[in-house]
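Please look at the sequence and the structure shown below, and keep both in view while reading. The report follows side chains and the contacts they make.

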Amino acid sequence: MEEFYRSFAQRARDLAENADPFTRRRLLDLAQRYDLKSRPGASSGRSIPPRATPPTVLFSGSGEAR
């Protein structure tokens, strides 16, 4: 199973080389996750903390145009 994840991590890095900046960042993040899964003895639990949740209110006020 480790080889499976290692190969997917490398594939994501290869794709990231020609991707736009947003997609490159996502692919490299994915590759990192696959690298963590490919390590022997890696726990089945989530080893990377979840992404920060955006604030529920981005702007103060009622949001109505004046």
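F4 and F8 are separated by about one helical turn, because they stand four residues apart in helix α1. Helices here are DSSP runs of H or I with at least four residues, strands are runs of E with at least two, and both are numbered from the N terminus. This is a predicted model, in which local features need pLDDT of at least 70 and side-chain atom pairs count only at pLDDT 80 or more, while totals for chains, interfaces and linings use all residues. Residues are numbered from 1 along each chain as its sequence is written, and side-chain values use heavy atoms, with hydrogens and water left out.

**The chain as a whole**

The secondary structure consists of two helices and zero strands. Of the 66 residues in the chain, 17% count as buried, where buried means under 20% relative accessible area, exposed means over 50%, and partly exposed covers the range in between (1.4 Å probe, protein chains only). The chain exposes about 5900 Å², and 55% of this area is supplied by carbon and sulfur atoms; such areas come from the Shrake-Rupley method with a 1.4 Å probe, and for residues only the protein chains shown count as cover.

**Aromatic rings**

Rings of Phe, Tyr and Trp (its six-membered ring) are paired if their centres lie within 6.5 Å, and the planes count as stacked when under 30 degrees apart, as edge-to-face when over 60, and as tilted for the rest. By this rule there are four aromatic pairs. One of them joins F4 and Y5 in an edge-to-face arrangement, with 5.3 Å from centre to centre and 70 degrees between the planes. F4 is partly exposed, at a relative accessible area of 43%, whereas Y5 counts as buried at 17% relative accessibility. F4 also pairs with F8, and this pair is tilted, with 4.7 Å from centre to centre and 40 degrees between the planes. F8 counts as partly exposed, since its relative accessibility is 30%. Ring pairs link F4, Y5, F8 and Y34 into a cluster.

**The nonpolar core**

A nonpolar core is a set of buried Ala, Val, Leu, Ile, Met, Phe, Trp, Tyr and Cys residues joined through side-chain atoms within 4.5 Å. The largest such core has eight residues, namely Y5, A9, A12, A16, A19, L27, A31 and Y34. The elements that give two or more residues to this core are α1 and α2, and the largest share, four residues, comes from α1. One member, A31, touches A9, A12 and R13 when residues up to four places away in sequence are not counted, contact meaning heavy atoms within 4.5 Å.

**Salt bridges**

A salt bridge is a side-chain nitrogen of Lys or Arg within 4 Å of a carboxyl oxygen of Asp or Glu. By this rule the count is three, and the table lists the pairs.

| Pair | N to O distance |
|---|---|
| R6 and E3 | 3.0 Å |
| R13 and D35 | 2.1 Å |
| D29 and R33 | 3.3 Å |

The salt bridge between R13 and D35 links distant parts of the chain, for R13 lies in helix α1 and D35 in helix α2 (residues 21–38), 22 residues apart. R13 is partly exposed, with a relative accessible area of 28%, and D35 is partly exposed too, with 23%. R6 and E3 both lie in helix α1 (residues 2–16), three residues apart, which is about one turn of the helix. R6 is partly exposed at 39% relative accessible area, whereas E3 counts as exposed because its relative accessibility is 52%. D29 and R33 both lie in helix α2, four residues apart, again about one turn of the helix, and R33 is partly exposed, with a relative accessible area of 23%.

**A buried serine**

Which residues are in contact with S38, leaving aside its neighbours within four places in sequence? They are E2, Y5 and R6. S38 lies in helix α2 and counts as buried, because its relative accessibility is 6%. A polar atom of the S38 side chain lies 2.7 Å from the backbone oxygen of D35; a polar contact is a pair of N or O atoms within 3.5 Å, where, within protein, one must be able to donate a hydrogen and the other to accept it, and residues adjacent in sequence count only if both atoms are side-chain atoms.
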